[in-house]
Amino acid sequence: MASMQTLVPEQARPSPEVTPINIGVTIRSFRLQRGMSQGDIEKRTGLLRCYLSRVENGHTVPSLDTLQKIAGALDLPLSQFFAEDTDRELQGAALSGEEIRFLTQVQRYSSQLTENDRRLLLAMVRKFAATASTSMS
């Protein structure tokens with residue numbers, strides 16, 4: 001007996017799982033990366049802090065006009081909120097707000113350093129990390 005094979009049209013096949021964007025987490029991540037508070041965004045946009053908190057905690061979904069205001073306050077293009085950047089998502093999930101603020105300050109000052117000074121700074125950080133990990137054992 002010959003086996004029967006059913007062909008499924010391309011459109012009917014299930015698409016790979018798409019992870020929805022949590023716009024509130026994305027906004028909070030960018031805000032913390034820039035060392036800004038919700039109050040800073042409030043001053044730049046006129047949006048109330050309590051509203052921004054509701055957005056960041058996923059209780060409210062902002063309109064595109066509101067997202068444009070928030071993006072402007074963060075000096076970002078609106079499209080950046082929707083960019084597929086797994087590194088950014090992982091950093092936002094893995095780092096605390098304090099760690100993100102610290103790295104933002106390092107980034108701000110490192111832009112003024114020469115390439116040799118950046119290498120020296122990185123070597124120093126590696127040395128501190130190695131020292132810290134051996135003293136914690």
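Accessible areas here come from the Shrake-Rupley method with a 1.4 Å probe, and for residues only the protein chains shown count as cover. By this method the protein chain exposes about 10600 Å², with carbon and sulfur atoms supplying 56% of that area. The structure is a predicted model, in which local features need pLDDT of at least 70 and side-chain atom pairs count only at pLDDT 80 or more, while totals for chains, interfaces and linings use all residues. Residues are numbered from 1 along each chain as its sequence is written, and side-chain values use heavy atoms, with hydrogens and water left out.

The protein chain holds seven helices and zero strands; helices (H or I, at least four residues) and strands (E, at least two) are DSSP runs, numbered from the N terminus. Of the 137 residues in the protein chain, 23% are buried (buried means under 20% relative accessible area, exposed over 50%, partly exposed in between, with a 1.4 Å probe and protein chains only).

Helix H4 (residues 64–73) is a friendly place to look at burial: its buried residues are Thr 66, Leu 67, Ile 70, Ala 71 and Ala 73. They cover an arc of only 160 degrees around the axis, so they sit on the same side of H4; the arc is that of the directions from the helix axis to the C-beta atoms. The face of H4 turned away from this buried side carries the exposed residues Leu 64 and Asp 65. Helix H1 (23–33), helix H2 (38–45) and helix H3 (49–56) are among what covers the buried residues of H4. Just after H4, Asp 75 takes a positive phi of about 55 degrees.

Notes
Contact = heavy atoms within 4.5 Å.
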